[in-house]
Amino acid sequence: MRLNVTVNGESKQADDVWAGESLLYVLRERLGLPGSKNACEQGECGSCTVYLDDVPVCSCLVAAGQTEGRRVRTVEGLADGDRLDPVQQSFVDNGAVQCGFCTPGLVVAAHDLLGRVPDPSDEEIREALAGNLCRCTGYEKILDAVRSAALATEGS
Amino acid sequence: MSTSTENRVSQAGVGTSPQRPDGSMKVRGEFAYSSDLWHEDMLWGATLRSPHPYARITGIDIGAALALPGVYAVLTHADVPGVNRYGLEHADQPVLAEDVVRYQGEPVAVVAADHPETARRALERITVGYTVLEPVTDSEAAVAGEGAQLHPGGNVVRHVPIRKGDPAAAAEGAEVVVTGTYEVGMQDQAFLGPESGLAVPAEDGGVDLYVATQWLHVDQRQIVAALGLPEDKVRLTLGGVGGAFGGREDLSIQVHACLLALHTGKPVKMVYNREESFYGHVHRHPAVLHYEHGADRDGRLRYVRARIFLDGGAYASSTGAVVANAATLGVGPYDVPHAAVDCWGVYTNNPPCGAMRGFGAVQAAFAYESQMDKLADACGLDPVEVRTRNAMAEGTSMPTGQVVDSPAPVAELLRRLRAMPLPTEPGGELDLRRLPGGVSNTTHGEGVVRGVGYAVGIKNICFSEAFDDYSTARVRLQVVGGEPAATVHTAACEVGQGLVTVLQQIVRTELGVERVTIEPTDTTIGNAGSTSASRQTYVTGGAVRAACLKVRDALGALSPSDLGDKVLDETVEWRHRPTEELDPVTGQGNAHVQYGFAAHRAVVDVDTELGLVKVVALDCAQDVGKAMNPQAVLGQIQGGSAQGLGLAVMEEIQIAGGVIRNPSFTDYLIPTVLDMPPMNIDVLELADPHAPYGLRGVGEPPTISSTPAVVAAIRAATGRALDRVPVRPEHITGT
């Protein structure tokens with residue numbers, strides 16, 4: 001089938017999409033956007049988290065066909081040109097990135113949280129990120145990153 | 001040394017925490033992991049695996065698979081042009097199975113097709129005839145010679161005995177004796193980036209492989225043997241690595257992707273999904289450990305006797321080295337006058353086991369630390385006191401006879417832990433998220449008991465037992481755009497830990513140059529050794545430093561900015577001090593390069609009715625010799641501690657009759673952000689005079705002591721014996 005979807009503000013078209021393909025597969029393999037990651041493809045790890053019409057979803061669990069005519073925003077669409085989004089900058093500054101495979105999903109999840117709750121408590125941060133697995137950091141520096149991104153966003 | 005470094009103090013050198021060079025790309029989603037690679041006209045590879053733990057293959061029919069449109073190749077063992085065997089220590093594992101499969105998930109055939117789904121459907125069309133055989137699944141029975149012989153030479157991969165003093169005589173005078181049998185379940189590395197890579201056939205008849213691995217040159221050695229090609233025809237470049245933790249030391253897609261690429265003449269990409277990843281790499285050895293500790297009434301150890309059985313699964317992988325670690329570190333970081341430790345690693349039909357962070361030291365630590373708590377109880381001592389009384393120190397003679405010749409602050413780590421503040425007792429406003437069971441609303445505090453536990457562990461750093469452990473580094477210095485700039489080239493694999501940052505820091509410190517570029521990691525330069533054994537900052541860091549010193553010598557009195565058109569270019573091979581083999585009968589020998597130590601204190605709240613555990617604090621003290629990058633050091637301690645917590649309360653590949661029951665992140669649980677407590681961390685920097693900058697390997701020690709500390713805390717809360725990890729709810733409730 002042919003798929004029409006708006007990704008990071010641009011209209012995209014993908015041809016010959018097989019009905020079983022996920023949004024994640026189409027982003028990674030057909031639209032040249034491999035930023036969203038394929039760690040479990042079961043909705044357990046959150047590495048493939050993207051916005052679908054402003055709501056974060058695991059793109060591995062969304063059939064590509066379901067996104068026809070809709071808006072998708074991926075980790076590649078967060079920065080403003082050379083300027084990182086405050087959440088991205090905070091992840092780098094706070095040592096929240098090691099291997100980085102979970103990072104795209106966590107950055108989108110944290111971005112969504114701070115959009116909804118500008119000054120979250122630790123419990124709120126933990127709850128919001130509970131669907132994103134990280135194997136390297138033990139999460140401490142990810143919490144630091146979200147806390148300091150909240151401060152940075154507040155100050156801007 | 002001919003030049004002064006006074007005017008060369010960098011703001012981002014050794015001891016600072018500059019940004020990772022790959023950090024910005026990683027947060028933007030632009031960093032190219034091995035599963036992100038793409039090539040025009042590329043095919044997708046897929047692997048057919050054995051459904052049986054042990055079976056004879058009676059026939060393979062690939063006709064129907066080959067007939068499927070979009071399928072370019074279906075290959076079996078008959079298509080392996082070189083030697084159809086590979087392995088890290090022993091080449092005992094077929095690239096593709098011949099007449100027998102020895103574990104569930106063993107590769108039997110590989111396919112290349114134009115779409116991953118086509119490849120998957122092709123796998124379904126391959127018919128393999130199996131005669132199912134009775135699997136060997138018990139490691140102690142394997143040592144006893146029971147069951148089928150799985151490999152020529154028998155089912156014992158390695159037995160390491162360690163003999164020190166006269167434990168039998170010491171046992172006669174012991175006033176207190178404690179014994180126990182402990183079990184450690186099979187843990188998975190669970191790196192998030194799946195096994196993956198891209199093989200591109202080259203015009204010279206060779207192949208270029210881009211792959212996520214921990215050691216390019218050992219991969220290359222095994223690939224050329226299987227392909228029957230000379231070394232210069234198989235070139236490897238590191239693809240972005242999504243975590244490793246030991247699980248990428250063995251081959252996964254490497255030979256298969258190269259075979260398919262050479263056979264089809266097209267680039268071939270292979271990416272495992274999560275289920276296949278559980279079959280596609282080795283795991284941590286499950287263990288059964290029998291221990292006996294004898295002591296004086298005041299808790300001073302007189303002797304330790306231990307028999308340790310490690311299940312290596314179907315193929316040897318690095319079992320031999322894991323056995324040596326469990327044996328040589330088997331009594332823990334204690335001064336033990338008399339010891340007899342025997343450790344066996346065996347072949348079974350369980351999934352192959354090999355390297356995982358902690359590498360043999362993890363299994364032993366759960367047993368010896370459980371024993372130390374039993375000893376404390378038996379002597380009426382506090383668990384910190386019994387450990388402090390027996391703590392090894394610089395100058396202590398290990399059970400191998402090796403005298404420790406650098407700081408070993410075991411007692412100090414425990415003292416520092418004890419001095420850390422404890423978390424506040426539960427109370428105040430009810431917040432389910434702080435209770436065991438969380439928002440499942442399983443308790444409002446009733447039946448919840450708090451416990452505190454301590455543990456300390458020891459790990460050897462770098463490769464041991466006379467291994468020629470070295471790294472190669474090339475450093476170039478020149479003026480680029482009017483500014484001095486250095487480039488560093490090594491084959492050392494960045495797997496997430498931050499090696500690329502530390503290498504830049506070393507160059508900045510040694511050459512006083514701010515602009516340092518790390519070149520792509522590949523096999524066009526010499527061997528760097530493995531990114532494992534907590535060794536890469538020590539060994540490749542040491543090599544980069546040595547190369548910088550040669551550049552400085554060549555620079556003489558000049559300042560780097562005065563180089564003009566000149567390029568200073570130095571390549572060195574650098575080794576740590578040599579080690580010795582263990583005596584095969586007594587286990588005596590200076591086998592290890594360096595020892596690392598960490599200690600943990602865990603505080604848990606346990607719902608004693610439902611058996612649910614909430615770890616509310618996990619504090620750590622670790623000696624790192626020199627904190628090369630303090631932020632990265634903390635990251636290693638926090639991440640390593642989390643993996644230890646996982647083994648304590650949730651992580652286990654469950655095996656029944658050789659079959660994995662939970663190959664998914666739905667059923668194999670790793671800690672989430674809700675499971676990890678805040679950590680107080682105390683980093684000591686007691687320099688090791690033998691190591692570059694005095695540093696001590698950081699990555700593994702925190703994984704070792706966190707598991708027994710958490711279990712000790714659960715025991716303190718529940719009074720249960722808890723002799724197995726992971727601790728399950730039914731172990732706590734006794735139901």
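Pairing here needs at least two DSSP bridges between the strands. Glu183(B) has Val288(B) of strand 14 of chain B as its bridge partner.

The model is predicted: local features need pLDDT of at least 70, side-chain atom pairs count only at pLDDT 80 or more, and totals for chains, interfaces and linings use all residues. Residues are numbered from 1 along each chain as its sequence is written, with chains lettered from A and ligands numbered from 1 in written order.

Next, the sheet. I read an open, six-stranded sheet in chain B, order 7-16-15-14-8-28, with mixed pairing. Strand 7 (156–164) and strand 28 (724–725) of chain B each have a single partner strand, so one side of each lacks a neighbour in the sheet.

Then I took a helix pair. The axes of helix 10 (residues 361–379) and helix 11 (residues 383–390) of chain B come within 8 Å and cross at roughly 105°. Axes are lines fitted to C-alpha atoms over the stretch in contact, with angles from 0 to 180 degrees between N-to-C directions. Helix 10 and helix 11 of chain B are therefore roughly perpendicular (65 to 115 degrees). Contact residues (C-beta atoms, placed from the backbone, within 7 Å) include Met372(B) and Leu375(B) of helix 10 and Val386(B) of helix 11.

Last, the whole chain. I noted 17 helices and 28 strands in chain B. Helices are DSSP runs of H or I, at least four residues; strands are runs of E, at least two; both are numbered from the N terminus. The C-alpha trace of chain B spans about 75 × 75 × 60 Å along its principal axes.

Terms used. Angles under 35 degrees count as roughly parallel, over 145 as roughly antiparallel, 65 to 115 as roughly perpendicular and the rest as oblique. Two residues are in contact if their C-beta atoms, placed from the backbone, lie within 7 Å.
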